[in-house]
Amino acid sequence: MIGGDCNLKKIGAVVAAIAAVALIAFIAWDSIFNCTVTKDFFAMDTVISVKVTGGKAKECTDEIEKRIQELDGILTRHKPTSEISLINKNKGGTLSDKTAEYFRLLLDVSKKSGGAFDFTLGAVSDLWSFGKSPSVPDEKELAKALSESGYENVSLSGNNLTLKSGIVDFGAAGKGIALDEIRTILEDTKAKEAIISVGGSVLIYGKNEAKVGIRDPYGNAGRSIATLNLSGSCISTSGSYERCFEENGTTYHHILNPETGFPVQNELVSVTVISQSGLLSDALSTACFVLGIEEGTKLAEEYGCEAVFITKDKTVFATNGVAAKIEITDNTYNLKTYEN
Ligand code: AMP
Ligand code: MG
């Protein structure tokens, strides 16, 4: 009996040793192959935060930074050599395949939104000087810039673009486009999970759900009034609290009504759109802000996207597909879904 006890003890010790080795191996494997790399940098006129877990995380974050800086040099109209600047200067041109695809998708959003989304308002935006020293523009100058704008002035045949008049401005979709580019890099480097934030647009990559805050429209940038629990999605928010200024008691902001050239005045303070596509989440958040709750919901549904509208009186309207994923964290806000 005593000998049997001793054998059992030996077997137990061996099993424990094997388990310990296996655990150490697992931890080592996990820390080598599932390590998390974070990086913050400035591009596209905003701070970009990258957090990648698994795969070639370091290589992935470096590649993301490189690609975003390149994209900035293609899409911004404030760099004279960018593809968009050359289009504006030459009134068109032959586009790269990717840029042609962006134009095709944005023309589609412009048409489906009935012109509420219009990426040719560059000259109108410039007159307001948002983000610099903004002021209400001269009436005549505004009317002229507006008459020369309009997505109907853009025609695309294959990769050949003609711009009759107006100034192309991808400000409403560039950050979302960046998320789509980043997703490709995450896939190529076999990342497991990632959270990427490009200004008001966020990508939640991977199987696990993560919480994304919806910014407090009346508070500072770090405060949220609700959270969305999502996986594998792009989330973009457009808000009237961004790039705004006050003149003679009236507040003006950067999301323009293409019919008047003035900032949109409706019941909304922000719109968040959730989509598989970064470009769509970004473009539609702007479009839905211009359209308002009813028309905006229809547009989001047409693209198979979900939306969250926040009104000036602190009501949060969520479309059916996202209602179960939202949690209000500031009880001065009331959640309404289309079911109630
Ligand atoms: P976002 O913050 O994504 O809603 O984009 C707003 C930016 O898009 C503005 O700063 C302008 O550069 C541009 N923009 C303003 N109004 C419109 C509009 N109605 N359609 C498309 N782009 C717009
Ligand atoms: Mg947008």
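**Close-up views of a predicted chain**

Figure 1. The 19 residues of helix 2 (residues 57-75) should span 27 Å at 1.5 Å a residue, and the end C-alpha atoms are 26 Å apart, which agrees. The expected span of a helix is 1.5 Å times one less than its number of residues. Helices (H or I, at least four residues) and strands (E, at least two) are DSSP runs, numbered from the N terminus. Ala57, Cys60, Thr61, Ile64, Arg67, Ile68, Leu71, Asp72 and Leu75 are buried in helix 2. They lie on the same side of helix 2, because they cover an arc of only 145° around the axis. The arc is that of the directions from the helix axis to the C-beta atoms. Buried means under 20% relative accessible area, exposed over 50%, and partly exposed in between (1.4 Å probe, protein chains only). An α-helix has 3.6 residues a turn, so residues three or four places apart point the same way. The buried residues of helix 2 pack against several elements, including strand 1 (36-43), strand 2 (46-53) and helix 4 (97-112). Contact means heavy atoms within 4.5 Å.

This is a predicted model, in which local features need pLDDT of at least 70 and side-chain atom pairs count only at pLDDT 80 or more, while totals for chains, interfaces and linings use all residues; side-chain values use heavy atoms, with hydrogens and water left out. Residues are numbered from 1 along each chain as its sequence is written, and chains are lettered from A and ligands numbered from 1 in the order in which they are written.

**Figure 2. Helix 3 and the residue that follows.** In helix 3 (83-90), the buried residues are Glu83, Ile84, Ser85, Ile87 and Asn88. These buried residues pack against helix 2, strand 3 (92-94), helix 4 and strand 5 (160-163). Just after helix 3, Lys91 takes a positive phi of about 60°.

**Figure 3. Surroundings of Ser125.** Ser125 is found in helix 5 (residues 122-128). Ser125 counts as buried because its relative accessibility is 17%. Leaving aside residues up to four places away in sequence, Ser125 touches Arg77, Phe130, Asp169 and Leu256. Gly249 is 124 residues from Ser125 in sequence, and their C-alpha atoms are 21 Å apart in space.

**Figure 4. The magnesium ion (ligand 2).** The protein donors of this ion are Ala172 (O), Asp282 (O), Asp282 (OD) and Thr286 (OG1), at 2.1 to 2.5 Å from it. Donors are N, O and S atoms within 2.8 Å of the metal (3.2 Å for Na, K and Ca); water is not among the atoms, so sites may look incomplete. The donor residues follow the spacing A-x109-D-x3-T in sequence. Asp282 and Thr286 are separated by about one helical turn, because they are four residues apart in helix 8 (residues 278-302). Both Asp282 and Thr286 are buried.

**Figure 5. Strand 13 between its partners.** Eight of the eight residues of strand 13 (residues 268-275) are buried, so this strand is largely enclosed by the rest of the structure. Strand 10 (residues 233-239) runs antiparallel to strand 13 and is joined to it by six bridges. Thr237 has Thr272 of strand 13 as its bridge partner. Strand 14 (residues 306-311) also pairs with strand 13 in the antiparallel sense, over six bridges. Here Ser270 has Ile310 of strand 14 as its bridge partner. Two strands pair if DSSP finds at least two bridges between them.
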